[in-house]
Amino acid sequence: MITGKPYEAKQFNLSGLNGISDQTLEMHFKLYEGYVTGTNTLTDKIREFLKDGKVDQEEVPAYSELTRRLGFEFNGMVLHEYYFGNMKKGGTVDPEKTSPFIKAAQTSFGSYDIWKADFVSIGKMRGVGWAICLQDPTSGGLSNHWITLHETGSVAGFVPVLVMDVWEHAFLLDYKPAERPKYIEAFFSNIDWNAVERRLQNIERDSASATR
Ligand SMILES: [Fe+2]
């Protein structure tokens, strides 16, 4: 679990995004910092139980509950880092035509447009969670997923490539609850596709960049 050091909240300079206000981002950074704190706190508490080298019988209920909560806090921290990390001021709605992401989407979905229709439709699904494009590091293939809360629905070993928070806190200061599609449109206009493509593995980076 544990690197030995507490996690520190990362800083993201996202001021001036299109359609996602600074006020929303400030509030969202605070929520993210809460997950960093939660991860560190739970980790410390679990370590306390393990100090004597075993989990005593009377400790099992508390130990189990903390361990169950760890997945929520940990994924809450990590997914927010992916989410903030794949946006930037001056982002673009779609990647360049020759980009490795477009190629990967074509291979897996038939076309980028079909990939996008799937991703956006997942983002509009009712419920609390995330839309995430994951890559299978073995085949390089992409697949889109609905993640409930922060931790349910991911595929083990797959790598997050594009992460979109669709919890209401991500947009409620800027849009009404029923206006999630407008927020998704705004999110797409801020995507840092270079950051997305740096996450891709097992692709022909060189030939793609050569055609740029
Ligand atoms: Fe969030």
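A residue is called buried when its relative accessible area is under 20%, and exposed when that area is over 50%. The model discussed here is predicted, and in it Ser99 counts as buried because its relative accessibility is 1%. Ser99 is placed in the loop between helix H2 (60-85) and helix H3 (100-109), and its side chain makes a polar contact, at 2.9 Å, with the side chain of Glu197.

Glu8, which is found in the segment before H1, has a relative accessible area of 68% and is therefore exposed. The two residues compare as follows.

| Residue | Relative accessibility | Class |
|---|---|---|
| Ser99 | 1% | buried |
| Glu8 | 68% | exposed |

Leaving aside residues up to four places away in sequence, Glu8 touches Tyr32 and Val36. Between the C-alpha atoms of Glu8 and Ile184, which are 176 residues apart along the chain, the separation is 29 Å.

Which protein atoms are donors of the iron ion? They are NE2 of His28, NE2 of His80, OD of Asp165 and NE2 of His169, at 1.9 to 2.1 Å from the ion. The angles subtended by these four donor atoms run from 88 to 140°, and the arrangement is therefore irregular, since a tetrahedral assignment would need all angles to lie between 85 and 135 degrees. Along the sequence, the donor residues follow the spacing H-x51-H-x84-D-x3-H. Because His28 belongs to helix H1 (residues 22-50) and Asp165 to strand E3 (residues 159-165), this pair ties together parts that are 137 residues apart in sequence. His28 and Asp165 are both buried.

Notes
Residues are numbered from 1 along each chain as its sequence is written. This is a predicted model: local features need pLDDT of at least 70, side-chain atom pairs count only at pLDDT 80 or more; totals for chains, interfaces and linings use all residues. Side-chain values use heavy atoms; hydrogens and water are left out. Donors are N, O and S atoms within 2.8 Å of the metal (3.2 Å for Na, K and Ca); water is not among the atoms, so sites may look incomplete. Four donors count as tetrahedral if all angles lie between 85 and 135 degrees; four count as square planar and six as octahedral if opposite donors are over 155 degrees apart and all others between 65 and 115; anything else is irregular. Helices (H or I, at least four residues) and strands (E, at least two) are DSSP runs, numbered from the N terminus. Buried means under 20% relative accessible area, exposed over 50%, partly exposed in between (1.4 Å probe, protein chains only). A polar contact is a pair of N or O atoms within 3.5 Å; within protein, one must be able to donate a hydrogen and the other to accept it, and residues adjacent in sequence count only if both atoms are side-chain atoms. Contact means heavy atoms within 4.5 Å.
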